[in-house]
Amino acid sequence: MENEGRQNPWALVTGGGRGIGRAICLELASAGYFIVVNYRSNDEACEQTLSMVRQNGGDGEALRLDVTDRKECLDSLPSLFKRLGAPSVLVNNAGITADGLFPLMSPDAWDSVLDISLKGFFNVTKPTIKAMMRKRAGSVVIMSSASGLVGNKGQVNYSAAKAGLIGATRSLAAEVARLGIRVNAVAPGLINTDMTRQLAKNMGPEMVKQMIPMNRFGEPEEVARVVRFLCSDDASYISGQIIGVNGGMV
Ligand code: NDP
């Protein structure tokens with residue numbers, strides 16, 4: 001059943017509609033992958049990602065799917081794999097923040113952030129890894145965060161979720177290495193996207209200087225290039241690693 005559909009390799013990017021995910025879609029498309037762009041609800045942003053992919057000579061399709069919804073994932077991912085074969089690349093990128101000091105944090109702010117990062121990781125990665133195992137090849141990249149490495153005030157939920165992904169990366173990498181599948185994580189610092197737009201407005205240049213040795217936010221493309229490297233044969237002996245992309249912050 002595997003590889004029924006596509007001759008050229010394809011990549012599944014969760015949260016590919018905007019921000020870092022969009023840059024990853026463009027970068028992987030330029031490396032020759034057909035891109036399945038997953039997103040939750042912003043149809044317009046996803047369409048824009050796909051048209052940018054096509055303008056650059058690539059191709060792809062949209063997958064509107066809430067990664068926290070187990071039933072939805074089980075309904076749609078196996079049929080996607082049946083149609084396209086196992087993906088060569090999975091990028092677990094979907095994520096949200098719901099910041100606030102811990103004593104004031106609502107249960108919903110805790111649950112929603114952990115659900116997208118950890119439940120979402122399980123719901124998408126488990127069926128994907130099983131498909132990759134049958135092919136005995138594949139590369140998984142997980143979007144963690146500097147916050148998961150060093151912690152951050154107001155982000156107890158987000159740090160817990162992103163640190164959890166680091167543990168998952170290392171354990172899964174050890175499980176599947178002998179099957180030809182590599183699993184790595186990227187831990188960005190502060191990157192210019194919708195997620196950080198307000199923060200960027202609030203932080204004056206002095207605060208940016210204090211926090212980030214390179215004195216600036218990163219760009220989504222600077223993360224995407226690392227993801228592309230991790231998915232490529234140039235990274236053939238790299239697995240179970242957490243790569244910081246943070247302007248020297250951590
Ligand atoms: P954005 O908010 O710009 O984009 C988030 C993307 O995730 C959107 O495409 C959104 O879909 C999608 N998404 C959100 N929830 C779900 C869901 N339940 N199911 C499927 N898709 C979903 O985020 P960034 O690009 O800034 O962040 C991308 C990743 O990088 C996240 O995991 C984030 O935690 C991580 N990161 C970001 C940093 C930063 O400074 N920006 C720093 C460190 C890590 P839709 O468009 O439909 O809403």
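## Ser 117 in helix α4

In this predicted model, Ser 117 sits in helix α4, which covers residues 107-135. The relative accessible area of Ser 117 is 5%. Buried means under 20%, so Ser 117 counts as buried.

What does Ser 117 contact, leaving aside its neighbours within four places in sequence? The partners are Ala 161, Lys 162 and Leu 165.

## Thr 49 in helix α2

Thr 49 belongs to helix α2, residues 43-55. Its relative accessible area is 0%. Thr 49 is therefore buried.

Residues up to four places away in sequence are again not counted here. Thr 49 then touches Gly 16, Gly 17 and Arg 18, and also Arg 22, Cys 25, Leu 26 and Val 37.

## A tilted aromatic pair

The structure has two aromatic pairs. One joins Trp 10 and Phe 81. Their ring centres are 6.1 Å apart. The planes meet at 45°, so this pair is tilted.

Where do the two residues lie? Trp 10 is in strand β1 (residues 10-13), and Phe 81 is in helix α3 (residues 70-84). The pair therefore ties together parts that are 71 residues apart in sequence. Both Trp 10 and Phe 81 are buried.

## An edge-to-face pair

Phe 102 and Trp 110 also form an aromatic pair. Here the distance is 6.3 Å centre to centre, with 65° between the planes. This pair is edge-to-face.

Are these residues buried or partly exposed? Phe 102 has a relative accessible area of 48%, so it is partly exposed. Trp 110, at 31%, is partly exposed too.

How values were computed
Residues numbered from 1 in each chain as written. Predicted model: local features only at pLDDT ≥ 70, side-chain atom pairs only at ≥ 80, totals over all residues. Heavy atoms only, no water. Helix = DSSP H or I, 4+ residues; strand = E, 2+ residues; numbered from the N terminus. Buried < 20%, exposed > 50% of the residue type's maximum accessible area, 1.4 Å probe, protein only. Contact = heavy atoms within 4.5 Å. Phe/Tyr/Trp six-rings, centres within 6.5 Å; stacked < 30°, edge-to-face > 60°.
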